Amino acid sequence: MSAETPASREVPKENRFKVWRQTRPFWAGLFTLLGGLPIAYLPYGDMRLGNVTLAMKTTAGAGALIIGVLLITLGLTMWFQPIVRVFAGVATIVLGLVSIPVSNFGGLVIGFLFALVGGGMSIAWAPAPPIEEAVDTEDDGEPEAPAETSAEAGAVLTAGLPEQRGPEHHATDKTIDANGGRNSAG
């Protein structure tokens, strides 16, 4: 956690995770992490179905491992450095697309879809605006003035504006209107 994190001592312990989660693209990071796991695991793992072993090893296993580890790192970056959420989201989408040919169709399409959703959520996330304290104004005991009619309000709005001028035209030797509108070629 950084020094800017609002989940500190004044927040009750049972709400700290909720406050921490709401100040960063939490779900985007989670989807990105979940997208990196099958992409990194499937080229090296094997599944056993009864007596049959299904090995999904590919020649590009190192590339798939790198993509998976980078996706996991980007998911953690979204959580702990939310200021770079747009970069992390774009990089997640690009790595998800690259994982299709490199890592068994993007981790059997599961990792690819999780990466795309996580990257899109990270790009779309924006921090909530800061909550400002409401300043109590002192009441001087006078009732508020009634609202003006629309005609009066229009007159009030235009009273402070300067007059609109027509388009000014300054003819020079370089304009088309010079010399009676005729152009000469020499």
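This is a short tour of the structure, stop by stop.

Before you start, note that this is a predicted model, in which local features need pLDDT of at least 70 and side-chain atom pairs count only at pLDDT 80 or more, while totals for chains, interfaces and linings use all residues. Residues are numbered from 1 along each chain as its sequence is written, and side-chain values use heavy atoms, leaving out hydrogens and water.

**Whole chain.** Show the cartoon: you will find 7 helices and 2 strands, in the order α-α-β-β-α-α-α-α-α from the N terminus. Both kinds of element are DSSP runs numbered from the N terminus, with helices (H or I) of at least four residues and strands (E) of at least two.

**Phe26 and Trp79.** Next, select these two rings. Their centres lie 5.2 Å apart with planes at 10°, so the pair is stacked. Rings of Phe, Tyr and Trp (its six-membered ring) pair if their centres lie within 6.5 Å; planes under 30 degrees apart are stacked, over 60 edge-to-face, and the rest tilted. Phenylalanine 26 sits in helix α2 (residues 26-41) and tryptophan 79 in helix α3, 53 residues apart.

**Phe80.** Tryptophan 79 is buried, at 13% relative accessible area, whereas phenylalanine 80 is partly exposed at 41%. Buried means under 20%, exposed over 50%, and partly exposed in between (1.4 Å probe, protein chains only).

**Leu65.** Finish at leucine 65 in helix α3 (residues 61-80), partly exposed at 38%.
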